[in-house]
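Reader: I have a structure to look at and some terms to sort out. Can we go through them one by one?

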Amino acid sequence: MPMPPDSLDDLTLQLRRFAAERDWETFHSPKNLAMALTGEAGELAAEFQWLTEAESLALDAPRKARVQEEAADVLLYLVRLADRAGFDLLEAARDSWDKAVTLGERHGYRNAQVTVLAPTGTIGLLMDCDTT
């Protein structure tokens with residue numbers, strides 16, 4: 001089944017249909033999806049483990065393909081999680097970004113880490129702007 005065009009809404013609907021056709025809704029609770037997302041994020045991070053900064057910026061073709069695949073897996077789980085939890089992922093990202101920028105403007109950006117509190121816990125947004 002090919003992926004839809006470049007729309008997060010289309011991707012959300014495709015993933016929703018795919019899960020429904022397989023009766024996976026029972027397994028796709030926000031908790032389970034968050035756990036699966038964490039596993040995929042770990043696999044993504046493992047591709048960079050022990051690389052220098054320079055190496056991480058100049059990935060060879062095989063590693064870049066693995067990074068791309070793991071990053072895509074993270075996105076798919078994140079989109080599915082947002083859908084099952086009932087929130088608009090892009091709207092949430094825009095809100096989080098706006099809060100981070102506001103805090104950065106107030107307190108400065110250099111070596112800043114901004115944490116945005118969410119109703120379900122803490123979402124950390126790291127803004128490492130060492131060169132600004």
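Reader: How many aromatic pairs does the count come to?

Author: This is a predicted model. The count comes to 1 aromatic pair.

Reader: What makes phenylalanine 18 and tryptophan 24 a pair, and is it stacked, tilted or edge-to-face?

Author: Their ring centres are 5.6 Å apart. The cut-off for a pair is within 6.5 Å. Their planes stand at 75 degrees, and over 60 counts as edge-to-face. So the pair is edge-to-face.

Reader: Is phenylalanine 18 buried, exposed or partly exposed, and how do you know?

Author: Its relative accessible area is 29%. Buried means under 20% and exposed means over 50%. Phenylalanine 18 is therefore partly exposed. Tryptophan 24, at 34%, is also partly exposed.

Reader: What makes you say that a charge sits over the ring of phenylalanine 18?

Author: The charged end of arginine 22 is 3.4 Å from the ring centre. The distance limit is within 6 Å. Arginine 22 also lies over the face of tryptophan 24, at 6.0 Å from the ring centre.

Reader: Why is H1 called roughly perpendicular to H4?

Author: The axes of H1 (residues 8–21) and H4 (residues 61–85) cross at roughly 80 degrees. Angles of 65 to 115 count as roughly perpendicular. That makes H1 roughly perpendicular to H4. The two axes come within 10 Å.

Reader: Which residues of H1 and H4 meet?

Author: From H1, they include Leu8, Leu11 and Leu15. From H4, they include Leu76, Val79 and Asp83. By class, the contact has 6 nonpolar, 1 polar and 3 charged residues.

Conventions:
Residues are numbered from 1 along each chain as its sequence is written. This is a predicted model: local features need pLDDT of at least 70, side-chain atom pairs count only at pLDDT 80 or more; totals for chains, interfaces and linings use all residues. Side-chain values use heavy atoms; hydrogens and water are left out. Axes are lines fitted to C-alpha atoms, for helices over the stretch in contact, and angles run from 0 to 180 degrees between N-to-C directions. Helices (H or I, at least four residues) and strands (E, at least two) are DSSP runs, numbered from the N terminus. Angles under 35 degrees count as roughly parallel, over 145 as roughly antiparallel, 65 to 115 as roughly perpendicular and the rest as oblique. Contact means heavy atoms within 4.5 Å. Ala, Val, Leu, Ile, Met, Phe, Trp, Tyr, Cys and Pro count as nonpolar, Asp, Glu, Lys and Arg as charged, and the others, Gly among them, as polar. Rings of Phe, Tyr and Trp (its six-membered ring) pair if their centres lie within 6.5 Å; planes under 30 degrees apart count as stacked, over 60 as edge-to-face and the rest as tilted. Buried means under 20% relative accessible area, exposed over 50%, partly exposed in between (1.4 Å probe, protein chains only). A charge sits over a ring if NZ of Lys or CZ of Arg is within 6 Å of the ring centre and within 35 degrees of the ring normal.
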